[in-house]
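Q: I'd like to learn how to read the features of a two-chain model, starting with the place where the chains meet. Could you take me through it?

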Amino acid sequence: MDIAELLIIPPYSLGGNEKQIILNSFLTRLTRHHYDNCPAYTRMMDGIGFDYNKDYSIAELPFLPVRLFKMFDLLSVEKEEIVKTMTSSGTSGQTVSKIYLDRETSANQTKVLTKIVSSFIGKQRVPMIIIDTEAVVKNRNLFSARGAGILGFSMFGSKRIYALNEEMELNTELILEFLENHKNERIFLFGFTFMIWQHFYKQLIEKKINLDLSNAVLIHGGGWKKLVSESISSYDFKDKLQKACGIKHVHDYYGMVEQTGSIYMECECGHLHTPIFSDVLIRRASDFSIADIGEKGIIQVVSVLPFSYPGHSLLTEDEGILLGEDDCSCGRLGKYFKIVGRLKNAEIRGCSDTYAEKF
Amino acid sequence: MQKSEAVVIPMQKNFNDVEFLFPREFDMDSFIQATPLEPFSDNSIEYLNALSLELNKDKDIRNYPDVATFAFFCRKANILHFKKDFSQQDILRLGRGIIFHIAPSNVPVNFAYSLICGLLSGNLNIVRVPSKEFEQIDIICNAMIKVSMEPKYQPFSSRIALVRYARQNSATAYFSSICDVRIIWGGDSTIEQIRVNKIPPRSFDVTFADRYSLCAINADKYISETSPEKIALGFYTDTYLFDQNACTAPHLIIWLGRSEKIENAQRIFWGNLYELVKLRYKVQPVIAVDKLTSFYNQAVQLNNVKKTITPDNLIWRVELNDLSKDIEEYRCTSGYFSEYRAKSLFELSKIIDRKYQTLSYYGIEKNELIQFITKAKPNGIDRIVPIGKTTDFSLTWDGYNLINTLSRIIEIR
């Protein structure tokens, strides 16, 4: 089976066993491909004792810590094949991950993202409000995961406006006019969780702006780190937004630049779901064995998409909990899970102070 | 010839945000009035003995083996033993004056050892303790306060000032500007930061930089060891006790002996260690990711690197097929070891550089060790100690005889 065939299947329609069989062979094939084509990956696999001829299950396949993409340029195709290099959204001074995409990988990312998102907002393009400033995509210096995310989701918009100006102030008149022009249509809102809270929600409240977004769908991602420090839970976020502008359909998503496209969308029950293109495994830190349902562990993500770089099986630095498989009350099949947060920095003893600067 | 006055003008005294742990009321002007003393003065030995007794009265000491070890170190008998080794010739020595100690942030009791070196060598001491709060520091401080209340020890106590302040503080500049010797613990980046602050022209720094340590085991001898669990405990103390992050903790294990013995010895050695680590140690989740990352990094950059299969993430073993010069860069913390089978100790001479500090060993004769150093003449390695003894403090550290370094010779003809 190849990606084209997978794309015909609805993204949340395969049960555990069936999905397992498909992913096992898909990912074993990908591992061999990267082994054959990425010299650094070959050395890693030789070191860890990878058996090229064995048919691996996804739980047995080696996984790379995402940090390695900050340390090495990892690619499994010729340099000339690279059409796009994605970088993680590191703040200045931090080293960033570099993800190398060839035409095929990049195109597949778009197709898979379309497949997943359209199952939430419909197949038609719809009027879209981006809750951010256009400067993020215009200014190449700022271009990062945030810009890439906006561009990636922009394809779902028939018409698009940016809700914030360069000073991060709400373009109130523009938004009101846009809503007036698309009165009875479904509106798609997109943005990063913290931006929405900080610059959209807070201004709606402060400036007492009245928007009717009861017919809109909001998709947001980027993580909760900053909101956790303001003690805003996912429930508060949805509840307050609904009270402020009537929005009822709010979906968080979990994704990362190292596996663009195969994102994990939050369903109506508040659970993140694995589509058929990717999967999540929760591992125990003590020995990297698979954690039980309900047990906290380190999140591993696997995806069928990464072909031009060896990022098909990654160990993240996030902790999560698997909630169940194939039995979420929203009706979607596949595993569903939740994020606990980033792994805590280590507190270690000893006289050396170089630890923090090592990676 | 006329000489101009000291180039470095003492900085403005500004003790805002400086916490004086000892004494509570500090007067800089009277502090610097005290004169230097000869090394191992009776007063210093009596004072440390009193401190040792006082520490042993504190019930909390039972929870802190590191404080107990320190108290044991301060006993009169132990110090006299050091004095005996020291008393050479008829050389006249006095302390250099004021020592400014900057203690490492992650080892609670280290400041106290640094302090006793300053006291025994006859100096006045300003000690910056870690800004992070540790119970051990409170215990030692309390004991010092109690000892200082006895009239007998009051004058000697006034040779000590313990301060605590956050990293960015003008106090470092001030203390640097008046000290005769500045002792900087904590590693390369701390040294760099502290050195921004000038010291007077005749003063100097004693620095304890980042170091790399290793361990050599003679397998032929090891397999007949009757209590391998004791050796494991010693190795645990050398490594896991400080998260394998002390400069003395070995990262590279060198196996010597016949290869069929080595395999057997490795099985016994790691097996015994594992039993201990399983009971006493927990790997933090982010460290598990660190170990995996370190391994892949090592596998990419060095040739022929293999992970040895272990039951879990407590002990990571990496098998090397050759010794690369930059092996010291491939390390992690909390139980990550590279292993190499060497034909003889002399194979190490190609990797040892100035960064190398402690070589711990098992089953190697002292003679062989002396032979190795005198023949190979390595640029690094300052200490060679049996497994289990790497963290034992000694008045000789990192190649410095601290008493000699912190005192000056007065030549009289």
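A: Happy to. Keep in mind that this is a predicted model. The size of an interface is often given as the accessible area lost when the parts come together. Here chain A and chain B bury about 3500 Å² between them, with 57% of it on carbon and sulfur atoms. In terms of contacts, 39 residues of chain A touch 47 residues of chain B.

Q: How many salt bridges are there between chain A and chain B, and which side chains meet in a salt bridge?

A: The count is one salt bridge between the two chains. A:Arg67 and B:Asp290 make it with their side chains, at 2.7 Å from N to O. As for polar contacts, there are eight residue pairs between chain A and chain B, counting pairs with both residues at pLDDT 80 or more.

Q: Which elements of chain A supply the side that touches chain B?

A: At least two residues each come from H3, E1, H4 and strand E13 (313–325) of chain A. H3(A) gives the most, with seven residues. Sorted by class, the side of chain A that touches chain B has 21 nonpolar, six polar and 12 charged residues.

Q: Let's stay with H3(A). How do I read burial along a helix?

A: An α-helix has 3.6 residues a turn, so residues three or four places apart point the same way. With that idea in hand, look at helix H3 (residues 39–48) of chain A: its buried residues are A:Ala40, A:Tyr41, A:Thr42, A:Met44, A:Met45 and A:Gly47.

Q: What covers the buried residues of H3(A)?

A: Both chains take part. From chain A, the cover includes helix H2 (16–37), strand E1 (64–65) and helix H4 (68–71), and from chain B it includes helix H13 (285–301) and strand E10 (305–308). Just after H3(A), have a look at A:Gly49, which takes a positive phi of about 85 degrees.

Q: Now a strand. How many residues of E8(B) are buried?

A: Seven of the seven residues of strand E8 (residues 212–218) of chain B are buried, so the strand is largely enclosed by the rest of the structure. Check each face: B:Tyr212, B:Leu214, B:Ala216 and B:Asn218 are buried on one side, and B:Ser213, B:Cys215 and B:Ile217 on the other.

Q: Which strands pair with E8(B)?

A: Strand E13 (residues 356–362) of chain B pairs with E8(B) in the parallel sense over five bridges, and B:Cys215 has B:Ser360 as its bridge partner there. Strand E9 (residues 250–256) of chain B also runs parallel to E8(B), joined by six bridges. In E9(B), B:Trp255 is the bridge partner of B:Ile217.

Notes. Residues numbered from 1 in each chain as written. Chains lettered and ligands numbered in written order. Predicted model: local features only at pLDDT ≥ 70, side-chain atom pairs only at ≥ 80, totals over all residues. Heavy atoms only, no water. Buried < 20%, exposed > 50% of the residue type's maximum accessible area, 1.4 Å probe, protein only. Helix = DSSP H or I, 4+ residues; strand = E, 2+ residues; numbered from the N terminus. Contact = heavy atoms within 4.5 Å. Buried area = accessible area lost by both parts, 1.4 Å probe. Salt bridge = Lys/Arg side-chain N within 4 Å of Asp/Glu carboxyl O. Polar contact = N/O pair within 3.5 Å; in protein donor to acceptor, adjacent residues only side chain to side chain. Nonpolar A, V, L, I, M, F, W, Y, C, P; charged D, E, K, R; others polar. Pairing = 2+ DSSP bridges.
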